[in-house]
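Please look over the two chains shown here before reading the report, with attention to how each is built and where they touch.

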Amino acid sequence: MTAETTRRAVLGGALAGSAAALLEGCGEPQWPGTLGGADWQRGHLLRAATLPAATGPVEEVGVLIAGGGVAGLATGWRLAEAGWTDFRLLELEDRAGGNARSGRNAVSAYPLGAHYLPVPNREARALRHMLERLGMIVGEEDGAPLYDPYQLCADLEERLLWRGGWQEGLVPQGGLSAADRAQWTRFQATMADFRSAVGQDGRPAFALPMALSSSDPRFRALDAQSFAQWLDRQGLTAPTLRAHLRYCCRDDYGTEPEQVSAWAGIHYFAARRGWAARGDGDRELTWPEGNDRLARAMAERLTGQLRTGHSLIRLTRDPAGPGVLGDVLDHARNTVRRIRARAAVLAMPHFVARRVAADFTAPGGFSYSPWVVANVTVRRPPGGKGVPLAWDNVSTASESLGYVVATHQSAGAAGGPTVLTWYLPLSREDPAQVRKLLLTRSLGAWQRQVAADLLAMNPDLDGAIERIDVWRWGHAMVRPTPGFLTDPARLDAAAGRAPVWFAHSDLSGLSLFEEAHYRGVIAAEAALAHCGHPFESLA
Amino acid sequence: MDDHAPAASEPGAPQAPAPLAVILLVSVLVVATCGLIYELLAGTLASYLLGDSVTQFSTVIGTYLFAMGVGSWLSRHVHRRELAVFVRVEILIAALGGWSAAGLFLLFPLVGDFRIALYALVLSIGVLVGLEIPLLIRILRHRFAFRELVSNVLTYDYVGALIASLLFPLVLVPQLGMIRTGFVFGLANVAVAIALLVALRRQERVGADLAAALLVAASLLAGLAMADRLQRWSEIAFYNEPVIYARSTPYQRIVLTRRNADLRLYLNGNLQFSTRDEYRYHEALVWPVLTRVAQPRRVLILGGGDGLAAREVLRDARVGHVTLVDLDPEMARLFRDTPQLAQLNGGALASPRLTLVNADAFRWVRTEQGRYDAILVDFPDPTEFSLGKLYTESFYREVARLLAPQGMMTVQSTSPLVAPRSFWTVASTLEAAGLQARGYHAYVPSFGEWGFTMAAHGPIAAAAPLPPGLRFLTPASERAMFDFPPDMARRPTPVNRLDNQALVRSFAEEWGRYDG
């Protein structure tokens, strides 16, 4: 039996799409828990034709940032670092942080989405600068940044449920035919070549931030095909290898290899050249609350500029001057105020920006993958045959991406209750269809699916589940589909035009913290330059 | 008595055909052996789990014999079909007796009062065994003259007892262990039942009984096959000494055993000390460090909730105050409030000079602001990742911060003989944390050759003025502790970090090789 058939069999039970959802739809929750998600009622207000007109005096501000996810927070952080405090940061939700937001219960803080940051590359200068400021880089050793060991993911990092036992690492060991092993070796060698490849322009073939990648057509041409097609052409068809690569595509892009651009698929493996002392370059930084640690640190750098529960509903050119006029809805009061800004940074997904700032955006090409993340509070930590519990625990026989242990970094002693963050990208079906499912499927139905999947991986958790909190992301990640590198809408948005710039990982086509942070920083620097404020570029 | 009485006159007691009589006589031997084995198993288990073997054996044997009397008395209420009743008794004994050892081991940690379970089982098996011989005599009475019958049955009965009492200590317990012994003799019991049922199948409807017997046989075979796993589940069977206390706390499983004067503490199955030689371990842990500090006023002990290290420290009048950080409040409660155990540590945990902190040391050291003249790090071996964190560079950096400029610390560092790479990893890691380190070792019989690592901000003095009155350390033996012969000599090792846990990995490998 191959991993492929196993997965399909499990998939049949785990997510037989909307039909199953309808059948289960009326089930009562079996465990305590909440059903949360991005506030789409507020989001969908933007679709409504009638919104209140602006009232009251017009507020004057230097830079208006719309969107308090990682990109918007990075924009604000960059402005603050440059000593520019004259800005407002609007966030539709009641809390900033976007996909990096977290929850907390009596047992632990836990992520609702993004939960780790790989040690950044040499070229990620602004991000490294921020990590130094936050004390996560504590110094230098042999000329390379030295990371605070408490922030690096503690051993044991990853384990894989494969052939009935847990093994260390995510690459299956043992039980592979010689031919399969040869394909694995060939794939890894090819990726190592791409990792060290440099284009004719002297830039790395694959960089992180991706904007710094080579524009050499030799590499760009990869974007014309899907990752699956590229793998087929390379003769990389071993089921275990393809199952692993599918896991990776879904993990970073929420998308199937058949829909991922080959350039993006390779980027996953070829772009990470983490730069750190003591050989820590291939490590990750992680925290119980996930990337909310970083989001909150950026938010703390702000001094009263952040306005949550406020969304930009309309952005237009100021007929009376060089700046822009933004109409801002206060969701609590249901009132609209007008802000006049010298510059604006739209740190929001493109599909939202398109609605509120039609004058500044081109229609086009972005699509998004939906995800479900469940936080499962358990009385005792999971065990299982083989290596002990790791930070990231993945099963070859599950459609989910497995679970991450929230207390991995904090626990000194093992054995107590913990929170497992379970991830499922709903990548099999049409995203629009899945988003409808997300709106209708009940908490109980999700809980049953989460528990069944978790117990299949860890039967030892039977009776140990205390609660299951489910979080739905309708637009969790932008999808790097073939052609995304040359998509005119993406290129247009990435370029920006004074006095409006965009800042979002959408502009990179890769929903990564590094990308969002980079886009925020360069948008902030463009706005600073526009406003004539002196600064030394971090980008 | 007529040897050939017609069967019709005794309904339910069919005339035994020749092969059946042979089976029945052999079964006397088997059931007698089995009966005594169960009795010995219960007695041994009781003294093993509850201690005080004289009392346990005496009460178990008394209860068992009394129950046999009850069984014999009850046999009068069997009016007919003695053979059928006998077969069912055999099946029941096979199930109860066969599973008795495994069941008692598994029950021990689960039930509130183990004695109730124990004596209920002893009573049930005793009653059933007590039924056997009277029934057999009645079944066989048509086959033999009464004189012969009594002679035969009782001879086989006593021979069986001899076989059992010799086999049990010489072969069964050492070779099979108690759990397997139970299953093997349960199988013998059920074999008798099956043999009788097969011999009877022409005359009687035996289907249901045969099915029950086969089911019991299958369960016993399964138990036998899984004996190793059962042994692990019933961790009590894992200890070689009688268990006198066992309790699971949220952090660990605490087990105390005692054999004669030797009291032992196990945490999660790992020996922490034996009262026979713990003074060697604790003198070696404490005095080399304490005597190298000019004024050890403030002492920190990390781990060591048994209070034995604290006992040594408090013997030094220069020590003004001891802070002891242990994860598990239950350990401190046990070693402070149980007179027998508090006696071992000289009441150290109740001393006004000692402050007990129940905290996870990994987190505690990160927030603690005090300075300590001597620090003793006495954690369990790095058998798992959560314990491995307490041996990392990050952890030692925090400990070094708490160490006074002229202070000294020492770290329990596993066996340099069994696990030299692991042992020297501790020194490399302390050095990576900016300290100077020196390994030393002592022979502690219950552990073997054991290692410690001393560390300080500056150079470590070669000799130390030891106080009088120690049982193990002398100036000459102390100097010798720092000498490492080639099989334990220092070797290059990685630094143990949070993100590589090099120590947990090498520890598992080296001890795995040693344990085979």
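This is a predicted model: local features need pLDDT of at least 70, side-chain atom pairs count only at pLDDT 80 or more; totals for chains, interfaces and linings use all residues.

## Overall form of chain B

Chain B contains 17 helices and 11 strands. Its radius of gyration is 31 Å, well over the 24 Å that the globule rule gives for 516 residues, and chain B is therefore more spread out than a compact globule. Taken along the principal axes, the box filled by the C-alpha atoms of chain B is roughly 100 × 40 × 40 Å.

The domain assignment divides chain B into domain 1, covering 7–238, and domain 2, covering 275–515, and the centres of these two domains, taken over C-alpha atoms, are separated by 53 Å. Of the 516 residues in chain B, 49% are buried. When contacts in chain B between residues at least 6 apart in sequence are considered, 73% of them join residues at least 24 apart.

## Annotated regions

An unreviewed UniProt entry lists residues 20–41, 53–74, 86–110, 116–137, 149–172, 178–200 and 207–227 of chain B under "transmembrane region". Among them, the span 116–137 of chain B is 100% helix and 0% strand, with its end C-alpha atoms 33 Å apart, while the span 207–227 of chain B is 95% helix and 0% strand, with 30 Å between its end C-alpha atoms.

For chain A, an unreviewed UniProt entry lists residues 70–383 as "domain: Amine oxidase". In the model, residues 70–383 of chain A are 29% helix and 24% strand, and the end C-alpha atoms of the span lie 34 Å apart.

## The eight-stranded sheet of chain A

Chain A holds an open sheet of eight strands in the order 1-20-16-19-18-17-9-10, with mixed pairing. Strand 1 (35–37) and strand 10 (165–168) of chain A stand at the edges, and because each has a single partner strand, one side of each is left without a neighbour in the sheet. Neighbouring strands of this sheet are turned by 25° against each other on average, direction ignored.

Within the sheet, strand 9 (residues 158–162) and strand 17 (residues 392–395) of chain A run parallel and are joined by four bridges, and Glu158(A) stands opposite Asp392(A) in strand 17 of chain A. Helix 14 (residues 443–457) of chain A packs on the sheet, where the strands touched include strand 1, strand 9, strand 17 and strand 20 (465–478) of chain A, and the direction of helix 14 makes about 105° with that of strand 20.

## The four-stranded sheet of chain B

In chain B, an open sheet of four strands has the order 1-2-3-4, with antiparallel pairing. The edges are formed by strand 1 (243–248) and strand 4 (270–274) of chain B, each with a single partner strand, so one side of each is left without a neighbour in the sheet.

Strand 1 of chain B is joined by five bridges to strand 2 (residues 253–259) of chain B, and the two run antiparallel. Val243(B) has Thr257(B) as its bridge partner in strand 2 of chain B.

## Contact between the chains

Where the chains meet, 18 residues of chain B are in contact with 16 residues of chain A. On the side of chain B that touches chain A, the elements giving two or more residues are helix 12 (361–367), helix 13 (385–388) and helix 14 (393–402) of chain B, and helix 12 of chain B provides the largest share, three residues.

## Backbone details

Most residues other than glycine have a negative phi, and most peptide bonds are trans. In chain A, the peptide bond from Leu208(A) to Pro209(A) is cis, with omega near 10°, and Pro209(A) lies in the loop between helix 6 (178–196) and helix 7 (217–220) of chain A. The peptide bond from Ala498(A) to Pro499(A) is also cis, with omega near 5°, and Pro499(A) is in the loop between helix 15 (488–495) and strand 21 (500–502) of chain A.

In chain B, Thr414(B) is not a glycine but has a positive phi of about 60°. Thr414(B) belongs to the loop between strand 9 (403–412) and helix 15 (420–432) of chain B, and Thr414(B) is buried, with 27 other C-beta atoms within 10 Å. Gln501(B), likewise not a glycine, has a positive phi of about 45°; Gln501(B) is placed in the loop between helix 16 (475–480) and helix 17 (502–515) of chain B, and counts as buried with 23 C-beta neighbours inside 10 Å.

Note on methods. Residues are numbered from 1 along each chain as its sequence is written. Chains are lettered from A and ligands numbered from 1 in the order in which they are written. UniProt positions are given in the numbering used here, feature names are shortened, and annotations may be inferred rather than shown by experiment. Two strands pair if DSSP finds at least two bridges between them. Axes are lines fitted to C-alpha atoms, for helices over the stretch in contact, and angles run from 0 to 180 degrees between N-to-C directions. Two residues are in contact if their C-beta atoms, placed from the backbone, lie within 7 Å. Domain bounds come from an automatic or database domain assignment. The radius of gyration is taken over C-alpha atoms; the globule rule is 2.2 Å times the number of residues to the power 0.38. A residue is buried if 20 or more other C-beta atoms lie within 10 Å of its own, exposed if 12 or fewer, and partly exposed in between; C-beta atoms are placed from the backbone.
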